[in-house]
Amino acid sequence: MAQERPACALEPELVQRLLLSCREAKKSAYCPYSHFPVGAALLTRDGRIFSGCNIENVCYPMGVCAERTAIQKAISEGHREFRAIAISSDLQDDFISPCGACRQVMREVNTFLFWEI
């Protein structure tokens, strides 16, 4: 028996804003090595959206992913409660999955992924 997908707690208009924000953030990605732009949009509990993009460095561990950029921006502005995060890439037929470091950070701050891209 197939399981029913849980109802989305976000209003459709808010989902669309998140999707637009992560796609816009992707345009600012600095990815001269991987050529793989990623954008993320993080929704705070009070309805603000913080976006971020991936920023690479020739020294690979010095780069930062879009998800962590958005989370760090929000936290640096005093936000600590989050509802969802949307992530966008140029993949056409697959979902993008956050790396282990991003998953750990999202777990730390209790962020839920929104997989509608």
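Leaving aside neighbours within four places in sequence, which residues is E56 in contact with? In this predicted model, the partners are Y30, C31, P32, Y33, S34 and G63. E56 itself sits in the loop that runs between β2 (49-53) and α2 (66-76). One of its contacts can be described in more detail: the E56 side chain reaches the backbone nitrogen of Y33, at 3.0 Å.

The charge on E56 deserves a word of its own. E56 is buried, yet no salt bridge is found for it. R68 is the nearest side chain of opposite charge, and R68 is 11 Å away. A salt bridge calls for a side-chain nitrogen of Lys or Arg within 4 Å of a carboxyl oxygen of Asp or Glu, so R68, at 11 Å, does not pair with E56.

Elsewhere, the model holds 3 salt bridges by this rule. Two of them involve lysines that follow one another closely in the discussion below. In the pair formed by K26 and D90, the side chains meet at 2.7 Å, N to O. This pair joins distant parts of the chain, 64 residues apart: K26 belongs to helix α1 (residues 12-26), while D90 lies in the loop between β3 (82-88) and α3 (100-108). K26 is buried, with a relative accessible area of 17%, whereas D90 is partly exposed at 41%.

The side chains of E24 and K27 also meet in a salt bridge, at 2.8 Å from N to O. Here E24 is partly exposed, its relative accessible area being 41%, and K27 is exposed at 63%.

A further salt bridge brings together R45 and E81, with an N to O distance of 4.0 Å. Like the K26 and D90 pair, this one links distant parts of the chain. R45 is in the loop between β1 (39-44) and β2, and E81 is in the loop between α2 and β3, 36 residues away.

Finally, the nonpolar side chains can be considered. The largest nonpolar core has 15 residues, and among these L42 and I85 touch the most other members. Two or more residues come from each of β1, α2, β3 and α3. The biggest contribution is that of α2, which gives 4 residues.

How values were computed:
Residues are numbered from 1 along each chain as its sequence is written. This is a predicted model: local features need pLDDT of at least 70, side-chain atom pairs count only at pLDDT 80 or more; totals for chains, interfaces and linings use all residues. Side-chain values use heavy atoms; hydrogens and water are left out. Buried means under 20% relative accessible area, exposed over 50%, partly exposed in between (1.4 Å probe, protein chains only). Lys and Arg count as positive and Asp and Glu as negative; His and the chain ends are not counted. A polar contact is a pair of N or O atoms within 3.5 Å; within protein, one must be able to donate a hydrogen and the other to accept it, and residues adjacent in sequence count only if both atoms are side-chain atoms. Contact means heavy atoms within 4.5 Å. A nonpolar core is a set of buried Ala, Val, Leu, Ile, Met, Phe, Trp, Tyr and Cys residues joined through side-chain atoms within 4.5 Å.
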